[in-house]
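Colleague: I would like to learn how to read this model feature by feature. Can we take the interface first?

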Number of protein chains: 2
Amino acid sequence: MVTDTVQAAPQGRIAQVMAVINGRIAARSLVAGARLPSVRALARSAGVSVSTVVEAYNRLVAEGTIVSRPGSGFYVAPQLAPMQLRAVGPQLDRAIDPLWVSRQSLEADDGVPKPGCGWLPAAWLAEQSLRKALRSVSRAGVDALAGYGAPLGLPPLRQLLSRRLGERGVEVSPDQLMLTESGTQAIDLLCRFLLEPGDTVLVDDPCYFNFQALLRAHRVRVVSVPYTPNGPDIEAFATTLAAEKPRLYITNSAIHNPTGATLSPAVAHRVLKLADQHGLTIIEDDIFADFEPTPAPRLAGFDGLERVIQIGSFSKTLSASVRCGFIAVRPDWLEPLIDLKIATMFGGARLNEELVHAVLSDGRFHRHTEAVRLRLERARSEVGDRLRELGITPWLEPRAGMFLWCTLPDGRDSAELARAALAHGMVLAPGNAFSAAQTAGGFMRFNVAQMDEGSFAALRRALRAVAEREVGEPAAPQRPLAPLGRGLG
Amino acid sequence: MVTDTVQAAPQGRIAQVMAVINGRIAARSLVAGARLPSVRALARSAGVSVSTVVEAYNRLVAEGTIVSRPGSGFYVAPQLAPMQLRAVGPQLDRAIDPLWVSRQSLEADDGVPKPGCGWLPAAWLAEQSLRKALRSVSRAGVDALAGYGAPLGLPPLRQLLSRRLGERGVEVSPDQLMLTESGTQAIDLLCRFLLEPGDTVLVDDPCYFNFQALLRAHRVRVVSVPYTPNGPDIEAFATTLAAEKPRLYITNSAIHNPTGATLSPAVAHRVLKLADQHGLTIIEDDIFADFEPTPAPRLAGFDGLERVIQIGSFSKTLSASVRCGFIAVRPDWLEPLIDLKIATMFGGARLNEELVHAVLSDGRFHRHTEAVRLRLERARSEVGDRLRELGITPWLEPRAGMFLWCTLPDGRDSAELARAALAHGMVLAPGNAFSAAQTAGGFMRFNVAQMDEGSFAALRRALRAVAEREVGEPAAPQRPLAPLGRGLG
């Protein structure tokens with residue numbers, strides 16, 4: 001929540017009152033034309049003098065942000081400033097702001113290790129198949145090179161995907177598959193389709209941090225349930241469905257981000273049963289599927305795409321530069337989704353679809369994903385051992401994937417460690433960036449594929465800096481390790 | 001508007017009352033939890049008996065669409081069906097539904113002429129440069145092939161774009177340019193940034209039809225002003241800004257879609273002056289820029305990107321398969337736009353950006369666009385002559401581009417002609433698909449690059465069918481040619 005209490009040096013109080021009002025306007029808790037709190041009420045709640053509020057309101061009037069209607073009060077001006085995503089939802093510390101963690105990783109130079117990011121180094125991806133696919137597409141027909149793509153996407157790629165999903169237990173015909181420009185864009189399109197502003201959406205605690213940023217853009221309320229090593233805590237899940245009536249649940253099943261946990265068949269069954277009872281729709285984000293040695297249960301497979309929609313992409317094992325994702329959905333929802341896709345994107349990303357199809361059809365790609373799995377298995381084991389030497393302990397041993405979700409030595413706060421690491425030029429992914437309920441302050445997500453000698457050196461320096469600061473500033477209370485719900489075992 | 005009056009055979013009345021309620025719910029004029037009209041009130045307004053409404057409400061309760069609260073009335077169920085874009089806004093005839101016209105063109109087979117579409121045949125685009133670019137990128141570094149793109153987009157492409165925009169009179173630094181996945185997606189991102197549900201947005205009458213579909217997805221109200229051969233009718237523009245207080249105006253300047261008109265410097269000046277007075281933001285969609293022989297005035301150039309945002313793409317001359325667009329915007333709006341881009345799309349379309357950069361850097365591309373301009377000039381002249389022979393008259397002679405905006409012989413209705421053409425397998429673009437105010441029923445947009453012998457044959461057959469139907473059904477009143485406002489001269 002936006003903190004409304006103003007505690008500052010006198011000279012800064014007017015500015016702080018202005019910031020509070022501007023924050024509420026940016027966050028749309030005060031909409032265009034809305035009446036502002038009375039001068040007296042705001043002075044009381046903010047703990048400042050009436051004259052401070054009067055002066056702040058006068059300056060906001062001068063700026064054009066609010067208008068004064070004599071005898072009636074102050075109102076938000078009819079023309080609002082554009083949407084500031086950072087101002088929507090909780091005002092987070094930079095080190096744990098999901099948008100900021102994503103952005104720093106995306107903007108970092110190629111080749112710099114990024115232990116906080118959610119992807120493999122480019123050199124781990126399908127380089128040789130991609131080069132071959134580019135040469136092959138350079139000889140394709142002119143329509144493939146320059147024409148608009150069909151709204152559903154390239155038919156042979158949808159056929160191939162239908163077979164691949166079948167192997168993972170998700171029976172889906174090519175006509176139930178729509179290609180998108182990325183996994184994120186697939187979820188975004190579905191949120192537009194399924195949600196109204198003000199709806200409630202359920203996520204896992206912890207969950208992939210961009211879910212929260214995306215949901216902010218849709219102006220919905222986010223609630224969460226603790227995630228256990230077998231899936232969402234089913235008791236909390238039942239209670240939350242009953243109490244909060246979420247319209248949608250967004251989750252990863254096969255390899256959960258950030259914990260690396262795997263949904264068990266029993267939990268999957270109970271999640272779907274509760275979803276049926278409460279009319280809940282589920283988006284299952286399956287972008288890590290290629291990392292699995294054997295398929296874990298999929299909600300979409302159990303459910304037969306009745307109330308579960310599965311999305312995926314190729315950015316984790318094939319290429320993050322060739323943008324392409326997909327949506328597997330019940331047939332009667334495809335038509336309105338096609339309309340929304342045309343309205344918001346127009347044609348499909350045909351060239352990317354041709355390239356993805358060429359790579360997936362290349363026999364090398366299967367061998368490539370097997371090699372990546374083995375390489376990740378080794379990296380999880382080695383990086384896990386070295387982290388333990390530093391007192392950093394994985395919450396569980398994931399069966400696949402690139403993430404280790406770890407507690408820190410001496411119950412340290414991961415935001416503090418992330419801040420210290422940043423001073424050494426390294427972006428980490430502290431637990432609360434993944435936690436809508438802010439209960440994961442004691443956790444840090446490490447990407448094992450991005451941990452090289454330099455990362456470990458920077459991590460050691462950051463741990464030392466945090467420890468020294470603690471000794472040097474004994475007044476700072478040591479925060480207890482925040483519980484991760486019942487899942488923390 | 002959804003027609004609420006029920007006029008049908010008795011056995012269908014219950015179903016029609018249900019359809020009216022379902023339509024209002026789909027269009028969100030009845031939101032989740034909203035109270036339905038009383039049985040008596042609806043019976044009166046719909047002209048049906050009370051028992052018909054009671055039965056319709058009971059069936060809707062059985063379906064779970066609405067709930068009954070005894071002693072209080074009927075309410076929309078708390079869980080709504082997903083958004084149906086077609087149900088938002090006016091219920092249009094299929095032949096003039098913007099979404100349907102787009103979709104038919106996108107789904108038509110490669111190589112089939114599509115006189116209703118807004119793009120050139122793929123064979124007219126930058127085929128040789130594209131093949132060369134694909135071969136060249138196949139030898140690029142692995143990060144270009146497989147790594148995530150930076151949120152703002154590929155730096156050398158932004159530098160090149162900055163120079164190109166400068167040549168068109170739009171001074172913009174590379175750091176003010178953000179690359180997107182397409183021109184449509186650029187406008188969509190900006191709408192998310194600038195608009196709130198319920199805002200009012202101004203478009204031209206007529207305007208590019210996908211603006212209307214896109215704006216429906218943003219749940220805003222659309223108003224329009226007539227477009228003249230020199231830009232929007234400035235008197236109507238002034239009146240509408242004062243009366244409707246739109247927050248945003250979306251337009252094409254250089255080559256207006258669908259009319260082919262060109263904004264004059266005087267009108268540009270007056271539009272910007274009025275925008276200043278009313279605090280209006282403008283999105284200038286400049287996707288047809290490559291077709292211009294010499295640059296026409298740009299609102300973004302006059303304004304210096306103060307309140308104008310320019311967007312563009314490469315789909316019209318380079319490739320529609322390689323998706324890439326851009327946004328040129330004032331510097332202080334970039335940061336929140338980057339956040340929104342990450343939240344809704346995550347990484348940039350790096351490979352596409354590499355390909356576009358390679359093509360634009362190829363000396364052949366300049367010669368290619370010159371050749372396309374000449375080819376379009378010849379096609380406009382030839383197709384214009386042949387259309388005139390059929391009594392189809394261009395509203396003006398565009399100085400560039402692929403469109404001829406024409407009136408039909410004997411003041412015929414273009415939706416009727418589009419319906420007849422559809423029966424012959426040809427999708428046309430009738431005037432009212434472009435007209436939010438539905439004032440362009442007498443116009444048809446022809447894409448001169450898509451008019452081959454087969455198209456003319458189908459057009460002649462369709463004209464004949466419409467003429468014969470009129471003779472055969474003298475009772476059908478001939479609709480007068482709807483005026484295109486003052487612009488029609």
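Modeller: Start with what counts as a contact: two residues touch if their C-beta atoms, placed from the backbone, lie within 7 Å. Keep in mind that this is a predicted model.

Colleague: With that rule, how many residues does each chain bring to the contact?

Modeller: Chain A brings 73 residues and chain B brings 73 residues. On the side of chain A that touches chain B, α13(A) gives the most, with eight residues. Other helices of chain A supply at least two residues each, among them α4 (98-107), α5 (127-137) and α14 (350-361). By type, that side of chain A divides into 40 nonpolar, 15 polar and 18 charged residues.

Colleague: Why can we say that the copies meet through the same surface?

Modeller: Compare the two lists of interface residues. Here 100% of the interface residues of chain A are also interface residues in chain B, so the copies meet through the same surface.

Colleague: What rotation and shift superpose chain A on chain B?

Modeller: The rotation is 180°, with 0.0 Å of shift along its axis, and the RMSD is 0.2 Å. That is the relation of a two-fold axis.

Colleague: How is chain A divided into domains?

Modeller: Domain 1 covers 10-76, domain 2 covers 86-118 + 365-470, and domain 3 covers 127-361. The C-alpha centres of domain 1 and domain 2 of chain A lie 40 Å apart.

Colleague: Now the sheets. How do I read one?

Modeller: The general idea is that strands of a sheet pair through backbone hydrogen bonds, either parallel or antiparallel. Then write down the strand order. In chain B, eight strands form an open sheet in the order β3-β10-β9-β8-β7-β4-β5-β6, with mixed pairing. Its edge strands are β3 (177-180) and β6 (231-232) of chain B, each pairing on one side only.

Colleague: Which residue is the bridge partner of B:Val203 in β7(B)?

Modeller: B:Ile250 is the partner. Strands β4 (residues 200-205) and β7 (residues 248-251) of chain B run parallel and are joined by three bridges.

Colleague: And what is the strand order in the open sheet of chain A?

Modeller: In chain A, the eight strands run β3-β10-β9-β8-β7-β4-β5-β6, again with mixed pairing. The edges are β3 (177-180) and β6 (231-232) of chain A. Helix α7 (residues 155-167) of chain A packs on this sheet and touches β3 and β10 (325-328) of chain A. The direction of α7 makes about 115° with that of β3(A). Elsewhere in the sheet, four bridges join β7 (residues 248-251) of chain A to β8 (residues 281-285) of chain A, and these strands run parallel. A:Thr251 stands opposite A:Glu284 in β8(A).

Colleague: How do I judge whether an element is enclosed?

Modeller: Count neighbours: a residue is buried if 20 or more other C-beta atoms lie within 10 Å of its own. Take strand β14 (residues 443-447) of chain B. Five of its five residues are buried, so β14(B) is largely enclosed by the rest of the structure. B:Phe443, B:Arg445 and B:Asn447 are buried on one side, B:Met444 and B:Phe446 on the other.

Colleague: Which strands pair with β14(B) in the antiparallel sense?

Modeller: Strand β12 (residues 403-407) of chain B does, over five bridges. Strand β13 (residues 429-430) of chain B does too, over two bridges. B:Met444 has B:Cys406 opposite, and B:Pro430 also has B:Met444 as its bridge partner.

Colleague: Is B:Leu305 buried or exposed?

Modeller: B:Leu305 has 22 C-beta neighbours inside 10 Å, so it counts as buried. Its phi is positive, about 55°, although it is not a glycine. B:Lys245 has a positive phi near 50°. With 16 C-beta neighbours inside 10 Å, B:Lys245 counts as partly exposed.

Definitions and conventions. Residues are numbered from 1 along each chain as its sequence is written. Chains are lettered from A and ligands numbered from 1 in the order in which they are written. This is a predicted model: local features need pLDDT of at least 70, side-chain atom pairs count only at pLDDT 80 or more; totals for chains, interfaces and linings use all residues. Two strands pair if DSSP finds at least two bridges between them. Ala, Val, Leu, Ile, Met, Phe, Trp, Tyr, Cys and Pro count as nonpolar, Asp, Glu, Lys and Arg as charged, and the others, Gly among them, as polar. Domain bounds come from an automatic or database domain assignment. Copies are superposed by least squares on the C-alpha atoms of residues with pLDDT of at least 70 in both. A residue is buried if 20 or more other C-beta atoms lie within 10 Å of its own, exposed if 12 or fewer, and partly exposed in between; C-beta atoms are placed from the backbone. Axes are lines fitted to C-alpha atoms, for helices over the stretch in contact, and angles run from 0 to 180 degrees between N-to-C directions.
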